[in-house]
Every structure is written in structure tokens, then in C-alpha cells.
Amino acid sequence: MSDQPWTIERIRDALRDPDLAQRFMGEINTAPAHHLLHVFARWELIAKNRQAAFTENQEIIAREQRGEGPAEGSIDVTERILEEAARIRSRGAA
């Protein structure tokens with residue numbers, strides 16, 4: 001990860017989703033002055049989490065392309081996710 005300071009532009013780019021970036025820009029541009037720091041901090045955290053997830057996904061893809069198995073300590077939650085998805089679909093939410 002970069003040691004560059006988080007800016008509005010960096011947060012927008014790190015979100016990696018045009019709709020999410022547009023939502024962020026709307027919130028940061030319409031926030032009252034006394035709420036700007038709170039809005040910025042909340043979106044900075046979201047951007048950091050999305051950036052970390054993207055980096056982790058890139059590492060998983062690279063390992064898979066090299067024919068390597070999961071990283072040491074990885075936990076396979078595929079079944080749990082599939083079960084949850086089936087439960088959500090059964091309620092008509094998806």
C-alpha cells in the first residue's frame with residue numbers, strides 16, 4: 001500500500017466502482033463544513049478496506065495462476081457462503 005496521504009481523489013479512485021465513487025463525491029460535496037471530517041474519515045475507511053480486499057484478491061489470483069494452493073492459514077468459507085446465498089434466495093431477497 002502507498003504511503004501517500006488520503007485525499008478526496010485517492011479515496012474516489014480506491015473505491016474502484018463508479019456508482020460508489022459518485023455517492024462519495026455527492027456526500028463530500030454536500031456535507032456541511034462541520035461534518036466534512038466525519039464524512040471524509042468514514043469514506044477513507046471504506047476506501048482502505050476496498051483497497052485491501054482488492055490487493056488480497058490480486059494475490060489470490062496470482063497464486064492460482066501459478067498453480068499454488070491457498071495461502072497458509074487461509075480458511076475456506078465457500079460452503080458457508082453458498083448456504084447463506086441459498087437462504088437469501090429462498091426468502092426472495094436475491
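Analyst: Leaving aside neighbours within four places in sequence, glutamate 44 is in contact (heavy atoms within 4.5 Å) with Trp6 and Ile11. The model is predicted, so local features need pLDDT of at least 70 and side-chain atom pairs count only at pLDDT 80 or more, while totals for chains, interfaces and linings use all residues. Residues are numbered from 1 along each chain as its sequence is written, and side-chain values use heavy atoms, with hydrogens and water left out.

Glutamate 44 belongs to helix α3, residues 36–65; helices are DSSP runs of H or I with at least four residues, numbered from the N terminus. Its relative accessible area is 18%, and it therefore counts as buried (under 20%, with a 1.4 Å probe and protein chains only).

Both contact partners of glutamate 44, Trp6 and Ile11, are among the residues that touch the most other members of the largest nonpolar core, along with Leu15, Phe24, Trp43 and Ala47. Two or more of them come from each of α1 (8–15), α2 (18–30) and α3.

Phenylalanine 24 is buried at 0% relative accessible area, and tryptophan 43 is buried at 1%.

Conventions. Buried < 20%, exposed > 50% of the residue type's maximum accessible area, 1.4 Å probe, protein only. Core = buried A, V, L, I, M, F, W, Y, C linked by side-chain atoms within 4.5 Å.
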